[in-house]
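Let's walk through this protein together, one region at a time. Keep the sequence and the 3D view open beside you as you read.

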Amino acid sequence: MSITIETILVFVLLMPGFVSLTVLNAIVVRHKNDRVTNIIEALVFSFVVYSILTAFNYSPVSLAVTDKDVYRPVVSPEHLPLAIILSVMLALLLGFSMTKDWHMKILRKMKVTTRTARINTWLDVFIDRSSGVVVTYSDGRRLSGWPSYYSDDLEEGLLYLRNPAWIDENDEYTELGIHGILLTKKDSIESIMFMGDAAGR
């Protein structure tokens, strides 16, 4: 199978975008997109990468004039490493901003939107809150602890509590003497109450 210049050009054009997309999906919880959406996102990432590189005269792809005054794309392999490095840096920066919700906080303050950068409220609460929790079961039992790990998906509802302790009707704590306990949806959790930031045990 012969590889044409056009095939190489398409590969070079999309490669930085797919690198950024792969890194971003690895570090940020996102909705699963279809193939068309992924290609569009890769094109957007590639456009940003090439725009930055072109501003500094480091673009891996340029146009050259042939002897017949015809413009043909030319690939500069020596600039590809810069494109890949910038792709990774761009994805890391965007991923950090999405996790911290920084760009959406600015937009919310500007009254542009009320949304966050995360995919659900479950993640919003557990990422933004740094405190101990009290889990109340449907039968009235209460369990306290520190949420060390939690599911990305609310429907899965897994929650790992570190240093768990039962709370009785007199608000007395009974330590379980274990590192942690994994709670699942089948545990019939009725509510999760977040304590003050300095109130955790």
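Start at Leu 182, which is found in strand S7 (residues 180-183). Helices and strands here are DSSP runs numbered from the N terminus, helices (H or I) having at least four residues and strands (E) at least two. If you set aside its neighbours within four places in sequence, Leu 182 is in contact with Leu 158, Leu 159, Tyr 160 and Asp 187, where contact means heavy atoms within 4.5 Å. Pro 147 is 35 residues away from Leu 182 along the chain, and their C-alpha atoms are separated by 9.8 Å.

Before going further, a word on what you are looking at: this is a predicted model, in which local features need pLDDT of at least 70 and side-chain atom pairs count only at pLDDT 80 or more, while totals for chains, interfaces and linings use all residues. Residues are numbered from 1 along each chain as its sequence is written, and side-chain values use heavy atoms, with hydrogens and water left out.

Now step back to the whole chain. Its secondary structure comes to five helices and eight strands, and along the sequence these follow the pattern α-α-β-β-α-α-α-β-β-β-β-β-β. Of the 201 residues in the protein chain, 31% are buried; buried means under 20% relative accessible area, exposed over 50%, and partly exposed in between (1.4 Å probe, protein chains only). Among contacts with a separation of 6 or more, residues 24 or more positions apart account for 52%.

Which residues of H3 are buried? They are Leu 80, Ala 83, Leu 86, Ser 87, Ala 91, Gly 95, Ser 97 and Met 98. Seen down the axis of H3, these buried residues fall within an arc of 165 degrees, so they line one face of the helix; the arc is that of the directions from the helix axis to the C-beta atoms. On the other side of H3, Met 89 and Leu 93 are exposed. Just after the helix, Asp 101 takes a positive phi of about 65 degrees.

Asn 163, in strand S5 (residues 159-167), has a positive phi of about 50 degrees although it is not a glycine. Asn 163 is partly exposed, with a relative accessible area of 33%. Asp 171, in the loop between S5 and strand S6 (173-175), has a positive phi near 60 degrees and is partly exposed at 48% relative accessibility.

Finally, look at the pockets. A pocket is an open set of points on a 1 Å grid over the protein atoms alone, where a 1.4 Å probe fits, with protein on both sides within 12 Å along at least five of seven lines; lining residues have an atom within 4 Å of a point. The largest pocket holds about 230 Å³ of space, and its lining includes Val 29, His 31, Leu 94, Met 98 and Arg 118.

Technical notes: Points joined across faces, edges and corners; volume = space filled by probe spheres on them.
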